[in-house]
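Biologist: I am new to this structure. Could you take me closely through one packing contact in it, and then through what lies beyond it?

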Amino acid sequence: MKKFFKNVKDMIFRHKLLSLICLFAFVIILIMLYIFFSVFIGGNNKYGDRLDGIEKVELSEKDLSTVVDFLEEKEEVVDSSARIQGKIVYIHIVFRRDVGLDRAKEIASESLEKFETDEKSFYDFGYFLTQVEEEGTEDKGYVVTGTKNAKLESISWIKS
C-alpha cells in the first residue's frame, strides 16, 4: 500500500498542471451536483415558502360553502362553486341567460364581501363568470374572468 501512495505522489509531482486541472474539475463537479440536487430534487413542497403564514388565515370548506350558498340564493345564479388551491380562491359562477354583465360583476363583488378582511388581504381571488348556454345557438353568452390580488381592494375584470 505504501508503494501505491508513493507512486501516486510521484505522478502528481511530475504532472503538476494536469493534477491541478483534475482537482479543479473534481471540485466543479461536486459544486454542480450540489446545485442540481438542491434545485431539482430538494424540497417536497411544490409551493416553497409562498404559503408561509397560511395556518393563521386558513379558509375552511365551511367558509367556501357559505359563499357558494350566498351565491345560489340569488335568483340570477344558476350554479356556483368555489375551491382553494394554494393561496388562490377560485370562484365559478353560472348566471341565467337574461342577467347582464354589470349585474353579474356586482353579484361577484358582493360575494367577495363574505370573506373577512384578513382573508382578503392574504388570499388572491379568481372569478370566472359565465352564462347558461342556449341550445341550438352558437352564442355562448359572456365569459368573464376577474382577479383580485391580496394587495388590492377590488376585482379587475377581463372579458374573454
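Modeller: The crossing of helices H3 and H4 is right-handed, a term used when the near helix is turned clockwise from the far one by less than a right angle, anticlockwise being left-handed. The model is predicted, so to speak with care: local features need pLDDT of at least 70, side-chain atom pairs count only at pLDDT 80 or more, and totals for chains, interfaces and linings use all residues. Residues are numbered from 1 along each chain as its sequence is written, and side-chain values use heavy atoms, leaving out hydrogens and water.

H3 spans residues 61-73 and H4 residues 101-112; helices (H or I, at least four residues) and strands (E, at least two) are DSSP runs numbered from the N terminus. Their axes, lines fitted to C-alpha atoms over the stretch in contact, with angles from 0 to 180 degrees between N-to-C directions, come within 10 Å and cross at roughly 150 degrees. H3 is therefore roughly antiparallel to H4 (over 145 degrees; under 35 is roughly parallel, 65 to 115 roughly perpendicular, the rest oblique).

Val67, Phe70 and Leu71 of H3 meet Ile107, Glu110 and Ser111 of H4, contact meaning heavy atoms within 4.5 Å. Four of these residues are nonpolar, one is polar and one is charged (nonpolar: Ala, Val, Leu, Ile, Met, Phe, Trp, Tyr, Cys and Pro; charged: Asp, Glu, Lys and Arg; polar: the others, Gly among them).

Glycine 146 belongs to strand S4, residues 143-148.
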